[in-house]
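Good morning, and thank you for coming. Please look at the structure on the screen while I speak about its aromatic rings.

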Amino acid sequence: MNVFLKYNFDVTCKTILKDQLDKLNISYKINGMGNIYFPERIHTEQYELLALALQHYGIDIIDNKKNILAQQVKEAIIAMLHIDNNLPLIKVSSYLSEKLDANYRTISQAFTDVCHISIENFIILKRIELAKQLLASEKFTLTEISYKLNYSSVAHLSHQFKKLTGLTPTTFQKIIKNKRAILN
């Protein structure tokens, strides 16, 4: 028997963080995705226990400026796609510079150094990932998904989708439908 789950990464991560921080009796405030404020200094033992506990869930503590900036870029892009539900009308470079209060060249270089992918390619990967989720949900037409993800046309979305997945969006959707039919 297969059970399909829908989950929210933000809520899941916050719950894990709260559970682990509460277990260690550490005062904290979660300021947003991937950002925790500690009003008091954390003892080394607590820090190490927290790092170890979070690693169990695949969560790493970032303590390098470049890595922090790259993580902030990822979070800003994910928020841009998931929370705002579409790309901003301004250039992504301007959006990120404004959001992170940093020069885009610095942001771009740090991101590429840490992630070994350009910001543009990361956005494309995330847009296609979101397109796959939306196609699988069967709540939106391809035209609606194209509009929602701010593609210039359905053809542009279809081209990028096929380039990254090897399938057309329609074929992908048919495969998902067939798998669901077999499992039910």
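Predicted model: local features only at pLDDT ≥ 70, side-chain atom pairs only at ≥ 80, totals over all residues.

A residue is called buried under 20% relative accessible area, exposed over 50%, and partly exposed in between, with a 1.4 Å probe and protein chains only. Residues are numbered from 1 along each chain as its sequence is written.

Rings of Phe, Tyr and Trp (its six-membered ring) pair if their centres lie within 6.5 Å; planes under 30 degrees apart are stacked, over 60 edge-to-face, and the rest tilted. By this rule there are 2 aromatic pairs. The ring centres of Phe111 and Phe122 are 5.4 Å apart and the planes stand at 70°, so this pair is edge-to-face. Helices (H or I, at least four residues) and strands (E, at least two) are DSSP runs, numbered from the N terminus. Phe111 belongs to helix α5 (residues 104-115) and Phe122 to helix α6 (residues 119-137), so the pair ties together parts 11 residues apart in sequence.

What are the distance and angle for Phe161 and Phe172? Their centres are 5.5 Å apart with planes at 70°, so this pair is edge-to-face. Phe161 lies in helix α8 (residues 154-165) and Phe172 in helix α9 (residues 169-183). Both Phe161 and Phe172 are buried.

Terms used:
Heavy atoms only, no water.
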